[in-house]
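Colleague: Before we discuss the pockets, please put the model on the screen.

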Amino acid sequence: MLTLYSALLAIDNTFGTPVNQKPIHLGADIVVHSATKYLGGHSDITAGVVMGSKQHIGEIWAWRKNLGQMPAPETASILSRSIKSLVLRVKRQNESALRIATEIEKHPKIKRVLYPGLSSFAGHELAKKQMSGFGGMITIEVDGDYEQTIKVADNFKIFRIAPSLGSAESLCTQPVTTTHHGLTDEELQRRGITPSMIRLSVGFEDAEDLIADLEQALNII
Ligand SMILES: *Cc1c(COP(=O)(O)O)cnc(C)c1O
């Protein structure tokens, strides 16, 4: 592809994190991160990162200079302090998410759990090859309709409803009402998004408490 079309491959590695997945080692030219998420890790900054060769970054640098996308000094300071604990945080989130995904997959009110670390996941073999950990993001599909799914999310005691991810607190969001809101039924279907899905971002809390939280909310429907 590269030699035929001189195309560059850019990867958004926000969900993977540099701890679990290194796209440049796998052949990507440019990697971007929302540093608002795992790199910042505490939901207290908005920032972004772009990485690549000196040549590519040189071109992007000129654009950034003209467009004025500079982080405030306080943001840069918070980010540089947060980065020091990135590996510790992500390893904990990997461990908790794998434990939660494995447990919650057995719940009778769960239709499906999407998590790269589960052997039931379609891309599991590929994920094993290119990731050293499977991250803190899980999608559950509730065995219920749109209304029942809202009821489950509303009844979480620990998972907080928020469209962000990668922070100290565990968060959840129903993609049809947030990240994929406004798409037609056809577009949702093409992307595999159903009204019964809840996306979970696993935080630093005890994994057993998070499993209990999911179970008590699912038991309501
Ligand atoms: C949040 C997010 C973005 C946008 O980043 P902001 O820092 O919120 O502007 C881009 N890509 C992914 C995968 C994200 O999760």
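Colleague: How much space lies in the second largest pocket?

Modeller: This is a predicted model, and in it the second largest pocket holds about 380 Å³ of space. Its lining counts 16 residues, with G48, V49, V50, R64 and Q69 the closest to its centre.

Colleague: What makes a residue part of that lining?

Modeller: A lining residue has an atom within 4 Å of a point of the pocket. Two or more such residues come from each of β3 (48-52), α3 (54-67) and α4 (73-82). The largest share, five residues, belongs to α3.

Colleague: Which classes do the lining residues of the second largest pocket fall into?

Modeller: Eleven are nonpolar, four polar and one charged. Gly counts as polar, so G48, among the residues closest to the centre, goes with the polar ones.

Colleague: Turning to the largest pocket, how do you know that it lies between domain 1 and domain 2?

Modeller: Domain 1 (10-83) and domain 2 (86-218) both contribute residues to its lining, and therefore the pocket lies between them. The space in it is about 530 Å³.

Colleague: Which residues lie nearest the centre of the largest pocket?

Modeller: F15, L114, P116, F121 and M137 do, out of 26 lining residues. Phe, Leu, Pro and Met count as nonpolar, so these five residues are nonpolar by that rule. The whole lining has 14 nonpolar, ten polar and two charged residues.

Colleague: Which elements supply at least two residues each to the lining of the largest pocket?

Modeller: Those are α6 (124-130), β5 (137-142) and β8 (197-201).

Note on methods. Residues are numbered from 1 along each chain as its sequence is written. This is a predicted model: local features need pLDDT of at least 70, side-chain atom pairs count only at pLDDT 80 or more; totals for chains, interfaces and linings use all residues. Side-chain values use heavy atoms; hydrogens and water are left out. On a 1 Å grid over the protein atoms alone, a cavity is a set of points where a 1.4 Å probe fits but cannot get out, and a pocket is an open set with protein on both sides within 12 Å along at least five of seven lines; lining residues have an atom within 4 Å of a point. Grid points are joined across faces, edges and corners, and a volume is the space filled by probe spheres set on the points. Helices (H or I, at least four residues) and strands (E, at least two) are DSSP runs, numbered from the N terminus. Domain bounds come from an automatic or database domain assignment.
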